[in-house]
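Here are my notes for you as you look through this model. Take the points in order, and keep the structure open beside you while you read.

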Amino acid sequence: MDSLLLIADEVGLSSTALYMHFADKAEILHEICREAFEALTAANAAIIAEPGPPEVRLRRMMQAYVDFGFANPNAYRLVYLTRPVEAREGAQSAAQEVGIGLFRAFEDVVREAEADGRLNGEAAATAPSAASWWRSARA
């Protein structure tokens with residue numbers, strides 16, 4: 001079945017009706033990804049605002065990311081596991097626009113943990129540590 005038909009079925013519209021709201025498939029895919037990333041961004045913002053040690057918030061952020069993947073498997077697959085030609089601009093632009101904010105927020109909490117002396121050894125190199133932890137949460 002065509003992926004556009006699956007999208008239309010998921011939102012309860014015909015594929016023709018989708019094109020009344022979006023210019024093309026890339027725009028549809030971009031919107032799906034943008035909304036999913038915004039939900040994850042909101043969850044992370046709530047976690048970051050919580051009191052407590054940064055390493056606890058880091059664990060909660062990673063758990064929220066995993067939970068997001070299970071709760072939004074189609075958006076997750078679209079952004080991270082598939083790269084069809086039609087999705088390149090739609091999914092990748094959403095990932096770049098909103099995803100970088102997610103990474104920066106995660107990186108900020110890693111820096112906070114480092115400033116508090118909670119990291120040692122190799123983990124003390126903030127950017128590589130944040131990138132490594134981010135990748136491990138996505139695996």
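1. Let us begin with one term: a residue is called buried when its relative accessible area is under 20%, and exposed when that value is over 50%. Arg 57 has a relative accessible area of 5%, so Arg 57 counts as buried. Please keep in mind throughout that this is a predicted model.

2. Now for the overall picture. The chain has seven helices and zero strands, so its pattern along the sequence reads α-α-α-α-α-α-α. Of its 139 residues, 37% are buried. The chain exposes about 8000 Å², and 56% of that area comes from carbon and sulfur atoms.

3. How confident is the predictor? The average pLDDT of the chain is 75, and 69% of the residues score at least 70. Which elements have the lowest and the highest mean pLDDT? Helix α7 (residues 126–138) has the lowest, at 55, while α4 has the highest, at 91. Where pLDDT is low, the predicted coordinates should not be read in detail.

4. Helix α4 deserves a careful look. With 18 residues at 1.5 Å a residue, α4 should span 26 Å, and its end C-alpha atoms are 25 Å apart, which agrees. Its buried residues are Pro 54, Arg 57, Leu 58, Met 61, Ala 64, Tyr 65, Phe 68 and Gly 69. Why do these residues lie on the same side of α4? They cover an arc of only 140° around the axis, which puts them on that same side. Arg 59, Phe 70 and Ala 71 are exposed on the other side of α4.

5. Return to Arg 57, which sits in helix α4 (residues 54–71). What does Arg 57 touch, leaving aside its neighbours within four places in sequence? Its contacts are Ile 47, Ile 48, Glu 50, Gly 52, Val 109 and Glu 112.

6. Next comes the largest nonpolar core, with 10 residues in all: Ile 47, Leu 58, Met 61, Ala 64, Ala 105, Phe 106, Val 109, Val 110, Ala 113 and Leu 119. The elements giving two or more residues to this core are α4 and α6 (87–115). Helix α6 supplies the largest share, five residues. As background, nonpolar side chains tend to be buried together in soluble globular proteins.

7. The buried residues of α3 include Ile 28, Leu 29, Cys 33, Phe 37, Leu 40 and Ile 47. Asn 44 also lies in helix α3. Is Asn 44 buried or exposed? At 3% relative accessibility, Asn 44 counts as buried. Leaving aside neighbours within four places in sequence, Asn 44 is in contact with Met 61, Ala 64 and Leu 102.

8. Finally, find Pro 53 in the loop between α3 and α4. Its relative accessibility is 30%, so Pro 53 counts as partly exposed. How far apart in space are Pro 53 and Ala 113, C-alpha to C-alpha? They are 7.7 Å apart, although 60 residues separate them in sequence.

Methods: Residues numbered from 1 in each chain as written. Predicted model: local features only at pLDDT ≥ 70, side-chain atom pairs only at ≥ 80, totals over all residues. Heavy atoms only, no water. Helix = DSSP H or I, 4+ residues; strand = E, 2+ residues; numbered from the N terminus. Buried < 20%, exposed > 50% of the residue type's maximum accessible area, 1.4 Å probe, protein only. Areas by Shrake-Rupley, 256 points an atom, 1.4 Å probe, with all protein chains shown as cover. Contact = heavy atoms within 4.5 Å. Core = buried A, V, L, I, M, F, W, Y, C linked by side-chain atoms within 4.5 Å. Expected span 1.5 Å × (residues − 1). Arc of directions from axis to C-beta. pLDDT = per-residue confidence, 0-100.
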